[in-house]
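Hi everyone, thanks for making time for this one.

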Amino acid sequence: MNAPVGRIHSIDSFSALDGPGLRSVVFLQGCALRCQYCHNPDAWNPKAPTAGQYTVDALMAVLRRFIPYYRPSGGGVTFSGGDPLLQHQFLTAMLKACGQENIHTAIESALAVSENILRPLLPLTGLFIVDLKHIDNAKSRLITGSSNRHMLNNIRLISESAHPLWLRYVLVPGLTDDPADLRATGDFLAALPHVERIELLPFHQLGRHKWPLLGLDYQLEHTPAPTPEQIASAEELLGIGR
């Protein structure tokens, strides 16, 4: 069998925002969702000609250079995207390679895949960082173009397995800030048996310039960032800080 080759959007050598400690973030190319607030729409197309191609050995050679920074800080490597689960064969090989060198790994994903893809990855990675898009299925389809069924089921699976889990929710005024939806999301989160961290991420427009360059219609041109008061209210409804 041929060794898997990964299509990589970009690599961020140092990050303190995508898991514990200092980390390298590997953004894999390709995503099945079309989130209205996405700041990396250039990572959607799995066959984008701008993506770099790496073998496991080649990518490990890049990541090994940063081991002296991972170990003292409790950091490691986070596989993000796009959505890394769309390249699950390459991702599996990378997780095993990192594990052989005792490099902590995290997967950042919306989990919009079948349980059969997710389950084999549970013993291979140290942390899941999950983007919870929307608790309401109809609104999930509006915002992302996809049902939330796999996402919610997979979040439950990870939590019930007592695997380290961080959850993130993007607060977009007029889109994801309805109080009833936030309460329902808070109830969903409260019922999960194991969640290490819940983060509320305020909407921003840092990636909006990419949309017209890709021939895409950016629908949130006039959507403001949430105010401190809106953020505080949403955190209370989600149960953050309880």
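Before I name any elements: helices here are DSSP runs of at least four residues, strands are runs of at least two, and both are numbered from the N terminus. And please keep in mind that this is a predicted model.

How many cavities of 30 Å³ or more does a search of the whole structure find? The search turns up 1, and the volume of this largest cavity is about 40 Å³. Which elements each supply at least two residues of its lining? They are strand E7 (165-171), H7 and strand E8 (197-202). E7 gives the most, with 3 residues. If you want to pick out the lining on your screen, look for Leu132, Leu167, Arg168, Tyr169, Thr185, Leu189, Ile198, Glu199 and Leu238. By class, that lining divides into 6 nonpolar, 1 polar and 2 charged residues.

Now for the open space. The largest pocket has a volume of about 800 Å³. It is lined by 29 residues, and those closest to its centre are His39, Asn40, Glu108, Asp131 and Leu201. Two or more lining residues come from each of strand E1 (5-15), strand E4 (76-81), strand E5 (104-109), E7 and E8. This lining has 14 nonpolar, 8 polar and 7 charged residues.

On to the packed parts. In soluble globular proteins, nonpolar side chains tend to be buried together. Here the largest nonpolar core has 48 residues, and Phe79, Met94, Phe128 and Ile155 touch the most other members. Helix H3 (residues 88-100) contributes the largest share of this core, 6 residues. Apart from it lies another core, of 17 residues, with Cys31, Ile143, Val172 and Leu220 among them.

Let me zoom in on Phe79. Leaving aside neighbours within four places in sequence, its contacts include Met94, Leu91, Leu95 and Cys98, along with Val26 and Leu28. Glu108 is also one of the contacts of Phe79, and Glu108 is among the residues closest to the centre of the largest pocket.

Is Asp181 buried or exposed? Its relative accessibility is 10%, so it counts as buried, the cut-off being under 20%. Not counting residues up to four places away in sequence, Asp181 touches His134, Ile135, Asp136 and Lys139.

That's my tour, and I'm happy to take questions.

Key: Residues are numbered from 1 along each chain as its sequence is written. This is a predicted model: local features need pLDDT of at least 70, side-chain atom pairs count only at pLDDT 80 or more; totals for chains, interfaces and linings use all residues. Side-chain values use heavy atoms; hydrogens and water are left out. A nonpolar core is a set of buried Ala, Val, Leu, Ile, Met, Phe, Trp, Tyr and Cys residues joined through side-chain atoms within 4.5 Å. Buried means under 20% relative accessible area, exposed over 50%, partly exposed in between (1.4 Å probe, protein chains only). Contact means heavy atoms within 4.5 Å. On a 1 Å grid over the protein atoms alone, a cavity is a set of points where a 1.4 Å probe fits but cannot get out, and a pocket is an open set with protein on both sides within 12 Å along at least five of seven lines; lining residues have an atom within 4 Å of a point. Grid points are joined across faces, edges and corners, and a volume is the space filled by probe spheres set on the points. Ala, Val, Leu, Ile, Met, Phe, Trp, Tyr, Cys and Pro count as nonpolar, Asp, Glu, Lys and Arg as charged, and the others, Gly among them, as polar.
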